[in-house]
Amino acid sequence: MANTAELTVDGKSYSFPTLEGTEHEKAFDISNLRDQTGYVTLDRGYKNTGATKSAITFLDGELGILQYRGYSIEDLAAKASFLEVAYLLIYGELPTKEEFNTFETAIRRHTLVNEDMRKIFDGFPVNAHPMGVLSSLVSAMSAFYPDLQGGSDEDKTDLHIIRLLAKIPTIATWSYKRSLGHPMNYPKNQLDYIPNFLNMMFSLPVEDYKVDPVVAEALNVLLILHADHEQNCSTSTVRLVGSSQANIYSSISAGISALWGPLHGGANQEVIEMLEDIKADGGDVSKYVEMAKNAKTTGFRLFGFGHRVYKNFDPRAKIIKKAADDVLSKLGVNDPVLEIAKGLEEAALHDDYFVSRKLYPNVDFYSGIIYRALGIPTNMFTVLFAIGRLPGWIAQWKEMREQKEPIGRPRQIYTGATLREFKPLDQR
Ligand code: CMC
């Protein structure tokens, strides 16, 4: 017999069905709560709210487990390519060789961005943050490919997915090139996905650029680690915007904007800036640990620490920390902020404030150090996160549409003024 949850409100009992996911997460189904009881739930920040059923990503924050479609993040980071993982997330299974060739070839053929989009770049200030530019231009893509307006033509979804995966790296590198005053590079379709991105980032007409396989491999791992993370802030945004049947470009653009915030993906830029500040201030990590402990008065948080869901360790951070050591030594880079980061981690992990609140380094803590070693400038870090997260956003948007989810529309508990009489301006 299925379990039920009993609730007593105002002396009356109600029962609600419970459900269990494939990894044994348990939930009360309260879809009829208000109809039955007249009450709604209050859950600020959705700390206890399952907004959807999803078959894409499983994570266990207590055990530090992260799996995409049943494959562990450790296995995928060690053995897969980013585009294989993208296919897995979006279509549910690892591709066969043939399926992969078709997918990859389609992406190669769509890397070129409409020349009129280049003109839009000219209107941005040269020092515009590339996340703002990226979100605007992805939104603009809906004007260039209007055939998905309203989202009724599902047949074209695959083509829009390919366009997003193919063109976002091109657009991302353009904002960087423009900030330097350098000519924007066109994609070179003989190159694979990540080398093509690196070539557009770093090649100049005046000299040869050869993609370093160490750099390409490190980026492959980083993008895989960022590819999905179930119902996080930006992904929930993508699903919520898409639930109104807004088109995929508008939905992804909204996700990019959500990701930019410093408490979410924008934390990777904040971490490096914080480590630089600590270095410039003499490298005394204990001073900053103390400041973070008094966050309520100082307003200072240790960026790259803490996670809504991981309360033991972030499995992505574990892989990234090791990768940071490997990549820096392979590239012969000696970055003093790596030592500061390790010192900060060590100090925080032995401090009761952090231990009792289960605050550990998250994915953003060490990723910036690797990006920096790869030559990627600080204000592009969150853009890299966005390129990595793109397959997850697409997969979640597609699942939401296929499950025919209703429009997202939370309730509230109104705390404002009760009904009062309007007084004309001359009587106030
Ligand atoms: N430094 C100092 N104190 C912290 C930190 C931190 N980084 N994070 C949380 N706390 C404290 C917080 O002040 C609170 O203390 P108290 O119980 O005394 O009021 C307690 O820990 C719980 O924090 P919370 O803000 O209620 O936790 P949350 O689940 O709402 O927030 C978080 C999670 C990630 C937003 C938060 O830990 C944070 O702001 N971290 C820094 C930003 C960051 O690194 N973000 C990247 C997250 S991982 C990648 C991604 O999702 O994009």
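The ligand is surrounded by 23 residues, and the closest are His-264, Arg-301, Leu-302, Gly-304 and Arg-308. Please keep in mind as you read that this is a predicted model. Sorted by class, the shell around the ligand holds 11 nonpolar, six polar and six charged residues.

Arg-301 places a polar side-chain atom 2.6 Å from an oxygen atom of the ligand, while Gly-304 uses a backbone N or O atom, which lies 2.8 Å from a ligand oxygen atom. On the nitrogen side, a ligand nitrogen atom sits 2.9 Å from an N or O atom in the side chain of Tyr-353. On its own the ligand has 940 Å² of accessible area, and the protein covers 79% of it.

| Helix pair | Angle | Axis distance |
|---|---|---|
| H15 (residues 315–331) and H16 (residues 336–349) | about 155° | 12 Å apart |
| H12 (residues 267–280) and H19 (residues 381–402) | roughly 150° | within 7 Å |

How do H12 and H19 run relative to each other? Angles over 145 degrees count as roughly antiparallel, so H12 is roughly antiparallel to H19. H12 passes H19 in a right-handed crossing.

H15 and H16 pack at an angle of about 155°, and they are therefore roughly antiparallel to each other. Their crossing, that of H15 and H16, is left-handed.

Definitions and conventions
Residues are numbered from 1 along each chain as its sequence is written. This is a predicted model: local features need pLDDT of at least 70, side-chain atom pairs count only at pLDDT 80 or more; totals for chains, interfaces and linings use all residues. Side-chain values use heavy atoms; hydrogens and water are left out. A residue is near a molecule or strand if one of its heavy atoms lies within 4 Å of it. A polar contact is a pair of N or O atoms within 3.5 Å; within protein, one must be able to donate a hydrogen and the other to accept it, and residues adjacent in sequence count only if both atoms are side-chain atoms. Accessible areas come from the Shrake-Rupley method with a 1.4 Å probe; for residues, only the protein chains shown count as cover. Ala, Val, Leu, Ile, Met, Phe, Trp, Tyr, Cys and Pro count as nonpolar, Asp, Glu, Lys and Arg as charged, and the others, Gly among them, as polar. Axes are lines fitted to C-alpha atoms, for helices over the stretch in contact, and angles run from 0 to 180 degrees between N-to-C directions. Helices (H or I, at least four residues) and strands (E, at least two) are DSSP runs, numbered from the N terminus. Angles under 35 degrees count as roughly parallel, over 145 as roughly antiparallel, 65 to 115 as roughly perpendicular and the rest as oblique. A crossing is left-handed if the near helix is turned anticlockwise from the far one by less than a right angle, and right-handed if clockwise.
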